[in-house]
Amino acid sequence: PLHRGVPAIRVTSSSNDLLDSQVKEQTEKEELDRNQSSHRFPFWSLFPDNSPLTKYDATDNGFASDPFTLGTPRSRHRLTMLLLKSSLVVIVILALTGSFWWTLSISTSSRGHIFHSSRRLQERLVSDFWDIGELSFGTSRMKEIEFCPGELENYIPCFNVSENLDSGFSDGNEYDRVCRQGSRQNCLVLPPMNYKIPLRWPTGRDIIWVANVKITGQEVFTSGSLTKRMMMLEEEQISFRSASLMFDGVEDYSHQIAEMIGLRNESNFIQAGIRTILDIGCGYGSFGAHLFSEQILTICIANYESSGSQVQLTLERGLPAMIGSFSSKQLPYPSLSFDLLHCARCGIDWDKKDGTFLIEVDRVLRPGGYFVWTSPLINVQSSLRNKEKQKRWNFVRDFAENLCWELMSQQDETVVWKKTSKKTCYNSRKSGSGPSICSKVQDVEFPYYRPLQNCIGGMHSRRWVPIEERATWPSRSNLNRSELALYGLHLDELNEDTANYRIIVRNYWSLLSPLIFSDHPKRPGDEDPSPPYNMLRNVLDMNARYGGLNAALLEARKSVWVMNVVPTTGPKYLPLILDRGYFGVLHDWCEAFPTYPRTYDMVHAEGLLSLESSQHWRCTMLDIFTEIDRMLRPEGWIIIRDTALLIDSARVLTRRLKWEARVIEIESNNDERLLICQKPFFKRQP
């Protein structure tokens, strides 16, 4: 019962031709079956088959082309193209002329309706232009995307240490995220040879398959971090045993931090206003795994690592994580985002670069928040014997004081600071001591990998609210009128969004079933068992808006955490999501997401294609979909909700990506459709 997989589809490096022929035969068979069964199954209109639209071939941008001219002589092809282009020119001229005279004749009161209809006609016209423009490419556009070579099984675009070193990056900057032109690979990443579907939560939190991650036995046994030592290698599995007597207990460590803050134990974190924690260099996530039972949301960030990755193993355990570096750029989070930052031997030299790293910690830390640092450098006895260590520790301590941090407690190798809740502290500092306050121009609330600043940020934000004055979790997720007013929203809007997502999640959960992909697809009914609450764990929302999906999944008591992504091209509601007690990040979906392959069980995208379409397709729909495929685990789910035209175009691409797909009509909205897809489990042969 712990396994949720089905027998994998085996693929060898020499089987591409065979696979192509099998796909072709299967397509012909499906076409014949569909024609024969169209009168037998009345629900085909609700769940169309997985064959492409019979009029179209797929293109790189997700739009389509007509295949009926294939195989004709060149002269006939040119004549056909000339006739089509001439016809299109005539149609466009007539349409524009008619539209002009029609616009002159309509009344002002009806223009709102006309604009809506005109917008739909424009979308259709854009689609038709792509259809005709791609005719000359023929069936080559329908060819399935090939699998990547085996060495790319852990491939992450934008993270290439060797190329960065060749370009002159050094001093830790070689781990920076650099999205160069052409860094994407137009192929599908296969899982490792012995990959297995992860165990379901909560079992998967403590046991993972060795073959699913890139790590050596030597890396397991020589891990030096406190939270890295909470693991054992057992044949095909890695077991995380934080309560074992053989290892330092993360429970005792968490209890120590709570006492240093002034709390009885870690179960009182919520009452102290602590809900979200940024764990820098998290080891393998044991600190966050322990606090999860206390309703504390801990997100791990660490540098890209080609082997033994902290982020990859943490995500494999079903815990929040993403690649992030303090080397030279600001993190893609708004100012004043987290209640506590934690660094346990995280490998960052906080005394370097004139304290710039500590300034970045201060930027993302909420007023009244805590910074917890565990390091041998803090050990008093050790520092007294080593003047260099003592000098470094003195710099960090003095710099923290100039940031208006209060040193609350220091025990053994751990120290806890508390950020000030009062802005007046910065004005009371001695002249010339510590970094200056950023100007309004410098103090950007939504930085997206900007260079690190040497001034104190967040001071101009309207969100300067001490954590003690915020509502505690879970009441925090329901923002009040004054908090919503900061984002130009009314309480009714958030309530309506929450109510809608309650219904949406209930419908989604009933559809996440192989029933809709079977030979006799149907919508699961009341008599069909609902998927278990722990069917999914890692969820990615590509266009999160207010975090409604996250809220509804938690309210429905699903065992998930959600990576809420706010696109750089859309409305900037990321601070709202973070203020609700969820986690989120800013991202440009024309670039690769900073995560390893096979890290999410479900990817959700509502309105994302419309958003990118409004930006004139800075990248193709296929680019976005191949990135989804890279991030998604085998047998993972994709749910896309968008306009009918865009869903039709997207569905054509699913054949190229080898996804199983169904389009579902939305009864309450005729202009939108739902595309439900599942990624098959392709497994590489030796």
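Which residue in β10 does leucine 278 stand opposite? Leucine 278 stands opposite leucine 341.

## The model and the chain

This is a predicted model, in which local features need pLDDT of at least 70, side-chain atom pairs count only at pLDDT 80 or more, and totals for chains, interfaces and linings use all residues. Residues are numbered from 1 along each chain as its sequence is written, and side-chain values use heavy atoms, with hydrogens and water left out.

The chain has 20 helices and 21 strands. Helices (H or I, at least four residues) and strands (E, at least two) are DSSP runs, numbered from the N terminus. Of the 686 residues in the chain, 54% are buried. Buried means under 20% relative accessible area, exposed means over 50%, and partly exposed lies in between (1.4 Å probe, protein chains only).

The chain's accessible surface is about 31,200 Å², and carbon and sulfur atoms hold 52% of that area. Such areas come from the Shrake-Rupley method with a 1.4 Å probe; for residues, only the protein chains shown count as cover. Among contacts with a separation of 6 or more, 72% are between residues 24 or more positions apart. A contact means heavy atoms within 4.5 Å.

## The seven-stranded sheet

An open sheet is formed by 7 strands in the order β9-β8-β7-β10-β11-β13-β12, with mixed pairing. Its edge strands, each pairing on one side only, are β9 (321–323) and β12 (405–411). From one strand to the next, the twist averages 20 degrees. Two strands pair if DSSP finds at least two bridges between them. Strand β7 (residues 276–280) and strand β10 (residues 338–344) run parallel and are joined by 4 bridges.

Helix α12 (residues 387–402) lies across β11 (365–374), β12 and β13 (414–419), and runs at about 20 degrees to β13. For such angles, axes are lines fitted to C-alpha atoms, for helices over the stretch in contact, and angles run from 0 to 180 degrees between N-to-C directions.

Strand β13 is largely enclosed by the rest of the structure, because 6 of its 6 residues are buried. Thr414, Val416 and Lys418 are buried on one side, and Val415, Trp417 and Lys419 are buried on the other, which leaves both faces covered.

β13 runs antiparallel to β11, and 5 bridges join the two. Here threonine 374 stands opposite threonine 414. β13 also pairs with β12 in the antiparallel sense, over 6 bridges. In that pair, threonine 414 is the bridge partner of glutamine 411. The hairpin of β12 and β13 has 2 residues between the strands, and aspartate 412 takes a positive phi near 50 degrees there.

## Helix α7

Helix α7 (residues 250–261) has 12 residues, which should span 16 Å at 1.5 Å a residue; its end C-alpha atoms are 17 Å apart, so the two values agree. The expected span is 1.5 Å times one less than the number of residues. Just after α7, glycine 262 has a positive phi of about 110 degrees.

The buried residues of α7 include Val250, Tyr253, Ile257 and Ile261. Among the elements covering the buried residues of this helix are α8 (286–292), β10, β11, β12 and β13.

## The three-stranded sheet

A further open sheet has 3 strands in the order β4-β6-β5, and its pairing is antiparallel. β4 (207–209) and β5 (232–234) are the edge strands, each pairing on one side only. With direction ignored, neighbouring strands are turned by 30 degrees against each other on average.

Between β4 and strand β6 (residues 237–239) there are 3 bridges, in the antiparallel sense. Tryptophan 209 stands opposite glutamine 237 in β6.

## Salt bridges

Side chains of opposite charge can pair when their charged atoms come close. A salt bridge is a side-chain nitrogen of Lys or Arg within 4 Å of a carboxyl oxygen of Asp or Glu. The whole structure holds 29 salt bridges. Asp339, Arg366, Glu445, Arg463, Arg470, Arg476 and Asp579 are linked in a network of them.

Arginine 363 and glutamate 360 form a salt bridge at 2.9 Å, N to O. They are 3 residues apart in helix α10 (residues 356–364), so about one helical turn separates them. Both arginine 363 and glutamate 360 are buried. In the salt bridge of glutamate 612 with arginine 618, the N to O distance is 3.3 Å. Glutamate 612 is buried, at 1% relative accessible area, whereas arginine 618 is partly exposed, at 38%.
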